[in-house]
Amino acid sequence: MKSVKNIFIVIILSVLFASCSQDFLEKAPLDTINTDNYYQTAEDAINAINGAYQPLQWPKLYNMRMWTSDIMAGNSIVGAGGGDDGRETQDMANFVTTTDNPGVLDLFRGPFPGILRCNVVLQKVPAIDMDENLKNRILGEAHFLRAHYYFILVRYFGDVPLITEPQVPGDDLRPARTDKNKVYDLIIEDLTTAKELLPVKSSYSSSDLGRATKGAATGLLAKVYLTLGDWDKVITLTNEVASLGYQLNEAYADNFDVNNKNSIESLFEVQYTGDAGEDFWANENQASWLSTFQGPRNSGMVAGGWGWNQPTQEFIDAYEDGDLRKDVTVFYDGCPQCDGQDYDPVYSLTGYNLRKFLVTKAVSPSYDNSPMNFPVLRYADVLLMKAEALNNQNKPTEAEVPLNLVRSRAGLPGVSGVSQAEMKEIILHERRMELAFEGQRWFDLVRVDNGQWGLNFLHSIGKLNATEKYLLFPIPLKEIEANPNLTQNPGY
């Protein structure tokens with residue numbers, strides 16, 4: 001095992017770069033080496049790309065901040081211990097976010113270590129004498145991951161520094177923000193390259209399952225074009241994903257079964273092993289926070305159980321009668337038992353708790369060892385993207401087919417004979433319920449009708465502070481103080 005350390009002053013981060021050559025889910029050690037004599041062998045290349053996945057696992061991204069975006073989107077409240085617990089998330093959800101908000105700082109800083117690690121791989125690995133198929137796979141993974149990190153950044157912040165080579169002392173370490181259109185150009189270029197270089201999911205051994213694949217790159221590229229409104233490309237790419245053999249799991253619950261990770265429906269998941277290893281609060285921790293944070297507070301149902309992410313009454317009321325996803329997604333009075341225990345609404349400030357990511361104590365006996373993965377892209381999402389694109393081409397009848405595949409699994413009747421305007425609302429509602437608490441709702445709110453659809457929804461549920469400026473986060477004050485070349489988003 002080896003690691004590399006580099007300094008990125010713009011975001012004031014000290015980045016540790018490594019992983020284990022035996023299992024890419026294992027944590028990195030904290031020693032450092034000289035990059036000039038590191039990238040010599042295939043093992044070095046594998047270690048390097050393994051390290052590029054790790055920032056996805058950190059609390060700044062999928063172990064916390066990404067899923068708390070559903071709170072901001074109105075699906076839930078912070079809950080937790082009440083009072084000032086999760087104050088930064090409360091402020092984001094109440095649309096009183098300021099430039100010194102710690103959650104915003106996390107989301108700005110979170111992707112850049114991954115971008116750095118990808119840039120190092122893309123610079124160093126091509127010169128290594130190694131198996132060409134393995135080299136291409138590693139380069140494809142780096143292109144996919146860099147696109148993924150930048151896609152997070154550009155949707156939250158708009159224009160961001162665009163850095164495509166490793167920065168070293170002597171470089172310009174105070175880059176300005178780059179127009180978001182150029183950021184999207186890089187994302188599209190990276191994903192187009194990745195989908196050509198990456199293998200299909202079925203070619204991976206069990207020890208490599210969870211790495212980026214051709215399907216992951218193709219599906220994420222479809223989501224990029226969905227965000228940009230290029231409906232033809234969305235349809236083409238979603239059809240390509242279907243041709244790769246992805247299917248809906250038979251039951252919705254199968255997507256959140258800790259024994260069914262990286263299933264036939266999964267295009268990409270953030271991987272967790274359940275081995276905390278380092279301190280639970282450290283970046284190097286390999287355990288998921290989801291069950292610990294989101295289990296009903298003071299219930300004893302799961303290890304930890306800190307009561308975050310409590311669904312609102314409005315969200316619960318959005319379920320159609322007979323929707324099978326409800327019992328999988330949330331706890332409510334009279335719901336099915338959890339591990340032999342009844343749910344009591346007193347566990348929550350709203351009377352509801354989140355259920356879909358919880359694991360039993362038999363699986364995770366203490367708060368710091370849940371192995372539950374986080375779903376980033378599922379085939380159900382791909383089907384709903386296709387339905388939305390077809391409807392936006394004024395083909396609501398054709399949109400019924402992918403839409404109704406998702407609804408059928410949920411135990412709901414098919415939709416037919418509706419207008420384009422009606423179909424739009426049905427599809428967006430279906431996305432809300434199918435992908436609830438998976439960090440997707442906020443991005444849907446801000447992309448549809450350039451964010452106006454989202455603002456209308458937020459106002460309808462009483463979030464009257466939500467205005468156009470909040471469709472983007474502020475550039476964190478600490479970053480502007482460190483780099484005066486950074487400009488602020490309008491209104492902050």
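A pocket is an open set of grid points with protein on both sides within 12 Å along at least five of seven lines. Rolling a probe the size of a water molecule over the atoms shows where empty space is left. The model examined here is predicted.

The largest pocket has a volume of about 790 Å³. Its lining holds 33 residues. Closest to the pocket centre are Lys180, Thr227, Val446, Arg447 and Asn450. By class, the lining of the largest pocket comprises 14 nonpolar, 9 polar and 10 charged residues.

The second largest pocket has a volume of about 320 Å³. Here 16 residues form the lining. Phe256, Arg355, Lys356, Leu358 and Thr360 lie nearest the centre of this second pocket. Its lining divides into 9 nonpolar, 2 polar and 5 charged residues.

Helix packing was examined next. Two packed helices are described by the angle between their axes and the distance between the axes. The axes of H6 and H7 come within 8 Å, and they cross at roughly 150°. Angles over 145 degrees count as roughly antiparallel, so H6 and H7 are roughly antiparallel to each other. The crossing of H6 past H7 is left-handed. On the H6 side, the contact includes Asn136, Arg137, Leu139, Gly140, His143 and Phe144. Further along H6, Arg146, Ala147, Tyr150, Phe151, Val154 and Arg155 also take part. H7 meets them with Lys180, Val183, Tyr184, Leu186, Ile187, Asp190, Leu191, Thr193, Ala194 and Leu197. The H6 contact with H7 has 13 nonpolar, 4 polar and 5 charged residues. Lys180 belongs to this contact, and Lys180 is also among the residues closest to the centre of the largest pocket.

H9 passes H13 in a left-handed crossing. From H9, the contact draws on Trp231, Val234, Ile235, Thr238, Asn239, Val241 and Ala242. Their partners in H13 are Tyr379, Val382, Met385, Lys386, Ala389, Leu390 and Asn392. This contact has 10 nonpolar residues, 3 polar and 1 charged.

Leu107, Phe108 and Arg109 in H4 touch Pro111, Phe112 and Pro113 in H5. By class, the contact of H4 with H5 has 5 nonpolar residues, no polar and 1 charged.

Notes: Residues numbered from 1 in each chain as written. Predicted model: local features only at pLDDT ≥ 70, side-chain atom pairs only at ≥ 80, totals over all residues. Heavy atoms only, no water. 1 Å grid on protein atoms, 1.4 Å probe; cavity = no way out; pocket = protein on both sides within 12 Å on 5 of 7 lines; lining within 4 Å. Points joined across faces, edges and corners; volume = space filled by probe spheres on them. Nonpolar A, V, L, I, M, F, W, Y, C, P; charged D, E, K, R; others polar. Axes fitted to C-alpha atoms, helices over the stretch in contact; angles between N-to-C directions. Helix = DSSP H or I, 4+ residues; strand = E, 2+ residues; numbered from the N terminus. Parallel < 35°, antiparallel > 145°, perpendicular 65-115°, else oblique. Left-handed = near helix turned anticlockwise from the far one by under 90°. Contact = heavy atoms within 4.5 Å.
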